[in-house]
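Dear colleague,

Here is the structure I said I would pass on. My notes on what was found in it follow below.

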Amino acid sequence: MTNRLTTRFAELSAYDRAGFVAYMMAGDGDSQALLDALPGAGADVIELGMPFTDPMADGPAIQASALRALEAGMTLRGTLAQAAQFRKRDKETPIVLMGYANPIHHMGWEKFAKAAGKAGVDGLICVDIPPEEDDELRAALGRQGIALIRLATPTTDDRRLATVVANTSGFVYYVSTTGVTGAGSGAVTEVGEAVDRVKRASGLPVAVGFGVKEPDQAAAIARCADAVVVGSAIVDAMHSGGVAGAAELVKRLSSAVHAARR
Amino acid sequence: MSETVSANTRPNALSAWPDMRGRFGEYGGRFVAETLMPLILELEDAYKAARSDPAFKAEMDLFLKDYVGKPSPVYFAERLTEEFGGAQVWLKRDELNHTGSHKINNCLGQVLLARRMGKTRIIAETGAGQHGVATATVAARFGIPCTVFMGATDVERQAPNVFRMKLLGAQVVPVTSGTGTLKDAMNEALRDWVTNVKDTFYVIGTVAGPHPYPAMVRDFQSIIGREARAQMTERLGRLPDACVACIGGGSNAMGLFHPFIEDEDVRLIGVEAAGLGVETGKHAASLKGGKPGILHGNRTYLLQDDDGQIIDAHSISAGLDYPGIGPEHAFLHDMKRAEYVSATDDEALEMFQLCTRLEGIIPALEPAHALARVRDLAKELGSDGIILMNMCGRGDKDVPQVAAKLGVEL
């Protein structure tokens, strides 16, 4: 089964261009409008945050965003509905859901996978389900052609890396620093070495995220990674400047990333 | 880890869990961010090695005896027995431990383990402040910097414990994220740990979190049940008919229950906090009012809504105010080896006063919940019965709050 993620990363590679991955929170502000605007602003892949009450791997920006979204009534079903709405108009841009285990577990792995498949979702990043615990979820997602994207971090040594990349697909998300989302990113030289290590072990594209905020910084990472992820900064821009403000930031960041290897 | 009378253990026994994956049946596990996985695997190895090292055991035993004041006695509560009009009520006096609760049994074990692992910084979460105080105490004793995360709401209602922690040299971080209670303090501790992976040891205060914490904390707390089992046998020549303990995350209950799990004739009864009443939705009774889910590293019963979002717990007792429960309790509940009941805020307040007046023992609001069900059970079992309840903490910390509830200005 061809997955939009595979196709998108193959295209990027063919043009020797790094991809830009934009994270946004479903339900925080007019998120449907932002979602629809992201491809036009230069997002190659969209990470759609599923709000959760207890986001223990997230920094203040995404925590606050999740609480605002929940306050506004967003649910997992609502998030999937926004993805489905987006997919009616955009058949190419991959959507990766990102969030925590409990809402998915509550819906049921199988039921969630089917609903996500129907909504045109291409991948899932579940922060608090490590490889040791993801058998059932991964199998359910696999039946729908959805990639379960794993995270590698600075604490992932070579032995552990083999476990992390086994049975994975889509791409690998390299967390550039030990810490929560939105904190400072890792030094670019170290990130570059880590990306090479993860690429060799996985044979998959590697996207780098956590703490990337500025176009210069994004461009530096784009020179050594297949894609750059920005989350907290976009979430903040959406909160302070609405859809236009967030789209503007995405334009600046994606231009920097796309031009980085020229 | 003193001399004990151990229960029979056979393969596949209920007491033999968790399995290799840290599962108690379908509960438990290791649901953490990838950054933390290498750390909890390292911790598991270090704990296994320490557990079988006689030097570690000797050090634990020495500090348990000379510093914590172990063993704590079992005490026949004659006047409560009279008042309840039924079975004999015996109290395991873990409130007499240094720092005033059972929490130090576990903190001592984990801090000694942290030293052994070469960790130079301790973090902990706390609700009522008992675990925070116990951690800060042991950290002070060994000269290790300690940071305690505490919900901003709890910082307000537990002011004396906040000051105690500061006196002990700990940094107390009020957590305003989320709803500012114990679960948010735990989120914040996890965020700190994921940031300071090299030097920091996270001392979790209850039998929850990712494997190996539920098993490790239980092992350290099992001194409660091991001592009590031996003491009851020595005093009465028999085991109690029932062991009763309150449950927030469930560490004192698990510590009491575990050495009795294979004693099929001994009923194990956990008392959750019913807050304003389970039917009102304002409670902390995860087993009664929750469903299995995933939070803070383990699969267990959680208070959650139809979307799988975590619902805030409510209890008069900050120590029971947690929307989850240790995975081993979830397992014992489903296996029907232990019974789980609940007691309301009002019942706890009533027992707090009753126990103080009749026995001259001011119980913490947490074990006051257990006492409410001991009252019913005493009548049910009749005068031939023997009940052992863990008095897991003393109530000095709760005096200001109880006074306020009773409309008394201090």
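**Interface between the chains**

A:Asp54 and B:Lys183 form a salt bridge through their side chains, at 2.9 Å from N to O. Please keep in mind that this is a predicted model. In total, 4 salt bridges are counted between chain B and chain A. Polar contacts are also found across this interface: the rule gives 22 residue pairs, with both residues at pLDDT 80 or more.

On the side of chain B that touches chain A, the elements giving two or more residues are E2, helix H1 (37–51), helix H8 (182–195), E11 and strand E12 (297–302). Of these, H8(B) gives the most, with 8 residues. By residue class, that side of chain B divides into 15 nonpolar, 11 polar and 13 charged.

The contact takes 39 residues from chain B and 37 residues from chain A. About 2900 Å² is buried between the two chains, and 52% of it lies on carbon and sulfur atoms.

**The four-stranded sheet of chain B**

An open sheet of 4 strands in chain B has the order E1-E2-E12-E11, with antiparallel pairing. Strand E1 (23–24) and strand E11 (291–295) of chain B are at the edges and have a single partner strand each, so one side of each is left without a neighbour in the sheet. E1(B) and strand E2 (residues 27–31) of chain B run antiparallel and are joined by 2 bridges. Within this pair, B:Arg23 has B:Gly28 in E2(B) as its bridge partner. Two of the strands here, E2 and E11 of chain B, are also among the elements that give two or more residues to the side touching chain A.

**The six-stranded sheet of chain B**

Chain B also has an open sheet of 6 strands, in the order E3-E4-E14-E9-E10-E13, and here the pairing is mixed. Its edge strands are strand E3 (74–76) and strand E13 (338–344) of chain B, each pairing on one side only. On average, neighbouring strands of this sheet are turned by 30 degrees against each other, direction ignored.

Within this sheet, strand E9 (residues 242–247) and strand E10 (residues 267–275) of chain B pair in the parallel sense, over 6 bridges. B:Cys243 stands opposite B:Leu268 in E10(B). Helix H13 (residues 327–334) of chain B packs on the sheet and touches E9 and E13 of chain B. The direction of H13(B) makes about 110 degrees with that of E13(B).

Best regards

Technical notes: Residues are numbered from 1 along each chain as its sequence is written. Chains are lettered from A and ligands numbered from 1 in the order in which they are written. This is a predicted model: local features need pLDDT of at least 70, side-chain atom pairs count only at pLDDT 80 or more; totals for chains, interfaces and linings use all residues. Side-chain values use heavy atoms; hydrogens and water are left out. Two strands pair if DSSP finds at least two bridges between them. Axes are lines fitted to C-alpha atoms, for helices over the stretch in contact, and angles run from 0 to 180 degrees between N-to-C directions. Contact means heavy atoms within 4.5 Å. Buried area is the accessible area (1.4 Å probe) that two parts lose on being put together, summed over both. A polar contact is a pair of N or O atoms within 3.5 Å; within protein, one must be able to donate a hydrogen and the other to accept it, and residues adjacent in sequence count only if both atoms are side-chain atoms. Ala, Val, Leu, Ile, Met, Phe, Trp, Tyr, Cys and Pro count as nonpolar, Asp, Glu, Lys and Arg as charged, and the others, Gly among them, as polar.
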